[in-house]
Amino acid sequence: MTFRATVLTLFPEMFPGPLGVSLAGKALAAGTWALETHDIRAHGIGAHRAVDDTPAGGGAGMVMRADVLAASIDATLAPNDDRPRLLMSPRGVPLTQARVRSLAQGPGALIVCGRFEGVDQRVIEARGLEEVSLGDYVLSGGEIAAMALIDACVRLLPGVMGAADSATDESFERGLLEYPHYTRPQDWEGRAIPDILTSGHHGKIAAWRRAEAERLTKERRPDLWAKRPKRAPQG
Ligand code: SAH
């Protein structure tokens, strides 16, 4: 089953963009995943293909029209398409590695990229769009958020990353941030690689990494630390 990302955007020329290079780009060329972009403006109103209008109730900015966006969704999705329908939105549920993993195990997603002040609430409800946020800050459009979400999913698809287990140790996978990395040279600007890492003692190395991951998580992300999965007592 190929992971299929269908992106609705006013700026289809932004894609594949960064998704066309490196890991994601190679996987795209190899057919491990597929990308379809649809220009929302193709469903715009009138000679000027208008896609937005002034906000009901007044105020600054413009709002994407429900009729235009719905026409774009309806023209894109086959009736039997049961992929998740996501709307990139700062009001959405913050994206997590757990959600990325579950998306990557599925058939892909329809991803709607907002622009302006956002989209008319009625189309969110009528087309069952699930709002997903990249984080607590505001981007100028949903495209970069969509790319981030797709990139995070694609690197988890079978065969995309080199070593089969290179994802299992990573930040967030065990409810912890990752331990620090080092590579050659052994001494650099008077800083040595921690001795334990060059000791060849795999048990001690694993214990050091675990302790560092725990220390960093406690220090930097008390929120993650508080809800990390508890391990069974050892021994
Ligand atoms: N007025 C809105 C922000 C609109 S930004 C508000 O205050 O909530 C325009 C578009 O950029 C949004 O519709 C959304 O698609 C996208 N966007 C902005 N910030 C985002 C974020 N943190 N996560 C996901 N998408 C975001």
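Is R65 buried, partly exposed or exposed? At 25% relative accessibility, R65 counts as partly exposed, and the points below place this residue and others within what is a predicted model.

1. Overall form. The chain holds seven helices and nine strands. Its radius of gyration is 22 Å, well over the 18 Å that the globule rule gives for 235 residues, so the chain is more spread out than a compact globule. Along the principal axes, the C-alpha trace spans about 70 × 40 × 40 Å. The assignment divides the chain into domain 1, residues 3-154, and domain 2, residues 169-235, and the C-alpha centres of domain 1 and domain 2 lie 36 Å apart.

2. Burial, surface and contacts. Of the 235 residues in the chain, 37% are buried. The accessible surface of the chain comes to about 13700 Å², and 54% of that area belongs to carbon and sulfur atoms. Where contacts join residues at least 6 apart in sequence, 73% of them are between residues at least 24 apart.

3. The salt bridge of R65. The partner of R65 is D53, with the closest N and O atoms 3.8 Å apart. R65 lies in the loop between β4 (63-64) and α2, whereas D53 lies in strand β3 (residues 52-53), so the pair ties together parts that are 12 residues apart in sequence. D53 is partly exposed, with a relative accessible area of 37%. As the cut-off for a salt bridge is 4 Å between the side-chain nitrogen and the carboxyl oxygen, a reader may wish to keep the 3.8 Å value of the R65 and D53 pair in view.

4. Other salt bridges. The count for the structure comes to 16 salt bridges. One of them joins R4 to E36, with the closest N and O atoms 3.1 Å apart; since R4 lies in strand β1 and E36 in strand β2 (residues 33-39), this pair ties together parts that are 32 residues apart in sequence. R4 is partly exposed at 29% relative accessibility, and E36 is partly exposed with a relative accessible area of 27%. R4 and E36 also belong to a network of salt bridges that includes D81 and R83. A further salt bridge is formed by D120 and R122, whose closest N and O atoms are 2.8 Å apart. In that pair D120 counts as buried at 17% relative accessibility, whereas R122 is exposed, with a relative accessible area of 58%.

5. Cysteines. The structure holds zero disulfides. For C113, which is in no disulfide, the nearest cysteine sulfur is that of C153, 14 Å away, and C153 likewise is in no disulfide, its nearest cysteine sulfur being that of C113. C113 is buried, with a relative accessible area of 0%, and C153 is buried too, with a relative accessible area of 0%.

6. Backbone features to inspect. Most residues other than glycine have a negative phi, and most peptide bonds are trans. The peptide bond from F15 to P16 is cis, with omega near -5°, and P16 is found in the loop between β1 (3-9) and α1 (22-30). The peptide bond from R184 to P185 is also cis, with omega near 0°, and P185 lies in the loop between α5 (143-154) and β8 (187-188). Among residues other than glycine, S22 has a positive phi of about 55°; S22 lies in helix α1 and counts as exposed at 52% relative accessibility. The phi of F116, which is not a glycine, is near 60°, and this residue is found in the loop between β6 (108-113) and α4 (121-126), where F116 counts as partly exposed at 38% relative accessibility.

7. The surroundings of L77. L77 lies in the loop between α2 (66-76) and β5 (85-94) and counts as buried at 11% relative accessibility. Leaving aside residues up to four places away in sequence, L77 touches R83, R85 and L110; of these, R83 is also a member of the salt-bridge network with R4, E36 and D81. From C-alpha to C-alpha, L77 and Q105 are 20 Å apart in space, and they are 28 residues apart in sequence.

Conventions. Residues numbered from 1 in each chain as written. Predicted model: local features only at pLDDT ≥ 70, side-chain atom pairs only at ≥ 80, totals over all residues. Heavy atoms only, no water. Domains from an automatic or database assignment. Helix = DSSP H or I, 4+ residues; strand = E, 2+ residues; numbered from the N terminus. Buried < 20%, exposed > 50% of the residue type's maximum accessible area, 1.4 Å probe, protein only. Disulfide = S-S within 2.5 Å. Contact = heavy atoms within 4.5 Å. Rg over C-alpha atoms; globule rule 2.2 N^0.38 Å. Areas by Shrake-Rupley, 256 points an atom, 1.4 Å probe, with all protein chains shown as cover.
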